[in-house]
Amino acid sequence: MELVASLFKSDNYTAVKKMMDVTALRHDAIASNIANVSTPGYKRVDLARSFEEELSNTIGDRESSRISALQPRLETDSLSPSTRADGNNVQIDSELLAMTKNTTNFDVLTDFASGSLKQLRHAITGRSV
C-alpha cells in the first residue's frame with residue numbers, strides 16, 4: 001500500500017495531473033474560440049497568463065500540496081488585437097495551431113502518467129504488460 005500511496009502523492013505525478021487539467025481547460029478555451037470565430041464582438045479566451053507563471057514556480061518548488069491547490073482559470077485575451085470590423089479577435093489559423101500544440105502536450109502528459117501506472121502494475125504483478 002505504501003508504494004501505491006507514494007506514487008499518487010509524488011510531486012511529479014501531482015504535477016502531471018495538474019498539467020493535464022490545464023491542457024483540458026485550454027482545450028475548452030480553444031474550442032470555444034473556434035466555435036465563435038464568426039461571432040461579432042467575441043473576444044478570445046485563454047488560460048490566464050499569471051497562472052502559467054504560478055504553475056511553473058510551484059512545480060519548481062516541488063510541493064505536491066501546493067501544486068494540487070492551484071486552480072487554472074481562463075481570462076479574456078486582452079493582448080490579441082482585433083483586426084476585424086466586427087470586433088472579433090479570433091484568428092482561426094492561430095487557434096488551430098494552438099489546438100495541435102495543446103493536443104500534443106496532452107498526449108505527452110498521458111504517456112508519462114500511464115508509464116507510471118505501468119510501472120506500478122509491473123511492481124505488483126511482476127509482468128510488464
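Me: How many salt bridges does the structure hold, and what makes a pair a salt bridge?
Reply: The structure holds six salt bridges, the term meaning a side-chain nitrogen of Lys or Arg within 4 Å of a carboxyl oxygen of Asp or Glu. This is a predicted model, in which local features need pLDDT of at least 70 and side-chain atom pairs count only at pLDDT 80 or more, while totals for chains, interfaces and linings use all residues. Side-chain values use heavy atoms, with hydrogens and water left out, and residues are numbered from 1 along each chain as its sequence is written.

Me: Why is the pair Glu95 and Arg44 called a salt bridge?
Reply: The closest N and O atoms of Glu95 and Arg44 are 2.6 Å apart, and because the cut-off is 4 Å, the pair counts as a salt bridge. Glu95 lies in helix α5 and Arg44 in the loop between α2 and β1, so the pair ties together parts that are 51 residues apart in sequence.

Me: How do you know whether Glu95 and Arg44 are buried or exposed?
Reply: Buried means under 20% relative accessible area, exposed over 50%, and partly exposed in between (1.4 Å probe, protein chains only). Glu95, at 1%, therefore counts as buried, and Arg44, at 10%, counts as buried too.

Me: What makes Asp77 and Arg49 a salt bridge?
Reply: Their closest N and O atoms are 3.3 Å apart, which is within the 4 Å limit. Asp77 counts as buried at 8% relative accessibility, whereas Arg49 is partly exposed at 49%. Salt bridges that share partners join Arg44, Arg49, Asp77 and Glu95 into one network.

Key: Helix = DSSP H or I, 4+ residues; strand = E, 2+ residues; numbered from the N terminus.
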